[in-house]
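Student: Hi! I have a protein open on my screen and I'd like to talk it through. Could we start with how the chain folds back on itself?

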Amino acid sequence: MSQSHPSFFFSATQSVDDRLGDLFSFTWASYAGFRDLWWQVRGFKKEFPSLHIKEIEKKFLSGLPLPGGIDLNQMCLQTDWSQHESEFAKWLLFEACTLYEGWAEKVCKDLFSTTTWERNAKRLQFPSGVRPNGNPDGYPLVIVAANGQQSHLMKIEFFPNLKAAKLNIWPTINHHLIAYRYFKECRNAYIHSEGYASQEIIDLQARLDRVQNSGPSPFRHNFSLPPQVAGEKIKLDTRDCILFATLVRKMMCTFDAALSVAEKSEEIMERRLTALIAKSPKWQHLPGDPAKKAQRVQRMLSASRIPAPTNLSNVMLWMQSKGML
């Protein structure tokens, strides 16, 4: 597949994937910088124990436009680094959940009706299950809905390459959603119950533990899963939250491929190409030479952020039928 083509179909997937990369970069830069500051402040205070904390703050923070300043006594001298690690873990957890929720809403808005998109966005956050009334629930219903009105073009020309992406974990997507539910409920506990573990969280953790330890693990790296105790503060492992953010990226890649076959996806692609063609004469007047024309169409697809097709000739015939060529 050409490197100039994106690995994902939906604009939301392309955008959120970039934001996850930015999240990691900013988190590790913040982590490294704060770790160094925490260590230096402690070392400086040990070397000059009689020095007032205000003098230490002047040494390390003078000249920085910091609203409200930083309480170095609280952040560096009174707080162990393990506590800060927990805050970094929570930060990753919140950001990954928020990005995935936003992605699911955007994609489902693009694909489904005004009466079903919100429900489908929520279903993409749950493994396969059964409601109390016996009806099925979870992500499979969204996949069935997308395939109910399928695009032959998308299924034949784009789905194979999207499915073959190295991040695609379709065979184990249900297991990955089991992991997602555990971490999502931990996030919810911080919002609704000040970060205290509930019995539901303990049950979800036990289910995830069975998934990764009862046979060949569906995950490249298993979660460490510090034991949770009902009524006590949730314990988060930083490495687990890093793995969780990576898990979210894999889930988006997988669902991006699975949902790309919808008839609405073909309409999305048509709108992207039509908008591009309207922007510049170079897309409106193509070379007469067949080889050069094919090259120009390849560039059109790339410029429209459309993945590489299996057979460019078939896509060109489709574009011709739509009056684009």
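Tutor: Happy to! Contact here means heavy atoms within 4.5 Å. Among contacts between residues at least 6 apart in sequence, 70% join residues at least 24 apart. The model is predicted, so local features need pLDDT of at least 70 and side-chain atom pairs count only at pLDDT 80 or more, while totals for chains, interfaces and linings use all residues. Residues are numbered from 1 along each chain as its sequence is written, and side-chain values use heavy atoms, leaving out hydrogens and water.

Student: How do α1 and α2 pack?

Tutor: Helix α1 (residues 11-47) and helix α2 (residues 53-61) pack at about 135°, and their axes lie 11 Å apart. Axes are lines fitted to C-alpha atoms, for helices over the stretch in contact, with angles running from 0 to 180 degrees between N-to-C directions.

Student: And which residues make that contact?

Tutor: From α1 come Leu 37, Gln 40, Val 41, Phe 44 and Lys 45, and from α2 Ile 56, Lys 59 and Phe 60.

Student: New topic: what share of the residues is buried?

Tutor: Of the 325 residues, 46% are buried (under 20% relative accessible area, with a 1.4 Å probe and protein chains only).

Student: And what box do the C-alpha atoms fill?

Tutor: Roughly 80 × 55 × 35 Å, along the principal axes.

Conventions: Helix = DSSP H or I, 4+ residues; strand = E, 2+ residues; numbered from the N terminus. Buried < 20%, exposed > 50% of the residue type's maximum accessible area, 1.4 Å probe, protein only.
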